[in-house]
Amino acid sequence: MHENDAHCALDGYVAFAGLRDAVAAADTAYVFTASSGDFLQGGAMGTLSKGEYPVEVIRRVGYDVMIPGNHEFDFGMERLLAFCGATEADDKARKGHCVDCPVICANLVQLDTTGSRGPERIFPAWKISKAGNKRIGWIGMTTPQAVFSEADSFWDEQGRHRYDLEETRLAEILQQSIDEVRAQGADYIILLSHLGDRPGKDTPVNCRTVVKATHGVDVVLDGHNHDLIPGDTLYDANGNAVLLVQCGSKFSHIGKLVIHPDGKMTHETLRVKDIPYRSEKVQATLDSIKVLTDDLLNRVIGKSAFSLLADDGHGKRLVRNQETNLGDFVTDALRQASGADIALINGGNLRETLPAGTLTYHDLFDTLPYHNVLCVISASGHQIRQVLGNGLQLYPVESGGFMQVSGLRYTIARPAQEQPYHIASVEVLDADGQYRPLDEKRHYSVAINDYILNGGDGNTALCDCPVLKRLSPPDTRIVSLFLEKDCKGVVPARYAHPQGRILIKD
Ligand SMILES: [Zn+2]
């Protein structure tokens, strides 16, 4: 049984473990549980505890094998290693705060800054599980995209490159791992992957490219793109069929791969909503966590007559390739609180739709789970245009760096044949309420989060901009105050629909 991209949807673990226990009790099958990564971050429970609550629940589930996803690096490398039980810390401290299961990853290495040694792997590349007289080989790999998107974890304060994900050697590393696992007698090989199933913004490699360049993998249990792939067939370098599956995100689905006695494999993708089983043990752990957080999270901060959209409710992440009313509302809050001319937020920062009806701090926390610091910088019109353009690198495909805006509007031009999409025009809102063309040479004050300022999503354009101020409440709190105080607890009707800040030119 497997899942990917749980992103702090902790209730899902109760059903996941419940089903696992039910199968183990009712069936003669050997049952194994695996995670394809992205569990520490992406919801209130992760942010509030810097990853500790999800880890507590995962430990209670008792996994057989996991890999780190890119978001496991969000709280820094040290915290990731501690959570995975890979630090030098004494055993007692480690046991209390780690996932307590084997973590594997063939392509995460520590670089030797003195140059005297080669890269050293942090986790084992693979592991073998025994099921009667059969052996299952698991190989772990995670996306090199993390080196760009979670750069802080891979470089130290002195700017030294300390860790890497070996982007250019993935196929070579995978083949080597396959050969090792086969030599150890593995009958089946499962690639536990957070490589994703399509090219990323900064890297073309994904599970399809590495499978095609190697031979010997039987199944890929993938994560990263939050896609629902009930079963796709890839072909390896020898032309053998390889099953690829991915289970959406936030426990919308889990996967059940069955290896039958004759070696035949079947796979089912199960809607978590439809799973009738619950693990009481995991529920008890979750309940004890909720006692600590309920007072804060259940506080009502306002209401809305309509939903503020991050996605379309079916997995399409609207904030990553178009203006949404949520993007308008949040950026207006950031601009208002900061007093800046312009506010920008990357679509990847807006994780969940704010539903119509009563809104609690928990709802807002799930929308803005990262607790980013809002900075006001001085940026030239040219730099602002670069940041907007960076958000279009994958357009019209979803991209986390796509910018939602306040205080300006911009037009995306459809390309001439074979050309990429680009920014056709940018206009800035003047004090008189009129939009006027962006002056490339003039400097504007821009409110932006520390993630983008530090180069997140490949935004290098702003790294040298002077920081005018840093606001002390995190972005989540700023938006909550905007709703509670400025909007008097009711999301204004003007946010019922997008306001025409991001236009597409035919
Ligand atoms: Zn994810």
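The following paragraphs describe the overall dimensions of the chain and then its sheets and selected helices.

The structure is a predicted model, in which local features need pLDDT of at least 70 and side-chain atom pairs count only at pLDDT 80 or more, whereas totals for chains, interfaces and linings use all residues. Residues are numbered from 1 along each chain as its sequence is written.

The secondary structure of the chain comes to 14 helices and 25 strands, where helices (H or I, at least four residues) and strands (E, at least two) are DSSP runs numbered from the N terminus. The C-alpha trace spans about 75 × 50 × 45 Å along its principal axes. For 506 residues a compact globule would have a radius of gyration near 23 Å, and the chain, with 23 Å, agrees with this expectation; the radius is taken over C-alpha atoms, and the globule rule is 2.2 Å times the number of residues to the power 0.38. Of the 506 residues, 49% count as buried, a residue being buried if 20 or more other C-beta atoms, placed from the backbone, lie within 10 Å of its own, exposed if 12 or fewer, and partly exposed in between. Among contacts between residues at least 6 apart in sequence, 71% join residues at least 24 apart, with contact defined by C-beta atoms, placed from the backbone, that lie within 7 Å.

Strand β7 (residues 134-142) has seven of its nine residues buried, and is therefore largely enclosed by the rest of the structure. Strand β6 (residues 126-131) runs antiparallel to β7 and is joined to it by six bridges, two strands being taken to pair if DSSP finds at least two bridges between them. Within this pairing, tryptophan 126 has isoleucine 139 of β7 as its bridge partner, and in the hairpin of β6 and β7, which has two residues between the strands, glycine 132 takes a positive phi near 60°. With strand β9 (residues 188-194), by contrast, β7 pairs in the parallel sense over seven bridges, and isoleucine 189 in β9 is the bridge partner of glycine 137.

Helix α7 (residues 170-183) comprises 14 residues and reaches 20 Å from its first C-alpha to its last, close to the 20 Å expected at 1.5 Å a residue, the expected span being 1.5 Å times one less than the number of residues. Its buried residues are Leu170, Leu174, Ser177, Ile178 and Val181. These residues cover an arc of only 105° around the axis, which puts them on the same side of α7; the arc is that of the directions from the helix axis to the C-beta atoms. The buried residues of α7 pack against β6, β7, β9 and α8 (207-212), and the helix is followed by glycine 185, whose phi is positive, near 95°.

An open sheet of three strands has the order β5-β4-β8, with antiparallel pairing. Because β5 (120-121) and β8 (163-164) stand at its edges, each with a single partner strand, one side of each is left without a neighbour in the sheet. Strand β4 (residues 109-110) pairs with β8 over two bridges in the antiparallel sense, and valine 109 stands opposite aspartate 164 in β8.

A further open sheet is formed by four strands in the order β22-β21-β20-β25, with mixed pairing. Here β22 (435-437) and β25 (502-505) are the edge strands, each with a single partner, so that one side of each has no neighbour in the sheet. The twist averages 30° from one strand to the next. Three bridges connect strand β21 (residues 422-429) with β22 in the antiparallel sense, and proline 437 in β22 is the bridge partner of glutamate 427. Helix α12 (residues 381-390) lies across β20 (408-413) and β21, running at about 130° to β21; axes are lines fitted to C-alpha atoms, for helices over the stretch in contact, and angles run from 0 to 180 degrees between N-to-C directions.

Helix α14 (residues 475-486) has 12 residues, which at 1.5 Å a residue should span 16 Å, and the 15 Å between its end C-alpha atoms agrees with this value. The buried residues of α14 are Asp475, Thr476, Ile478, Val479, Ser480, Phe482 and Leu483, and they pack against β15 (300-304), α10 (325-338), α11 (361-367), β18 (374-380) and β23 (443-449). Lysine 488, whose phi is positive, near 50°, follows α14.

Leucine 296 is placed in helix α9 (residues 280-297) and is partly exposed, with 13 other C-beta atoms within 10 Å. The C-alpha atoms of leucine 296 and threonine 360 are separated by 9.2 Å, although these residues are 64 residues apart along the chain.

Conventions. Two residues are in contact if their C-beta atoms, placed from the backbone, lie within 7 Å.
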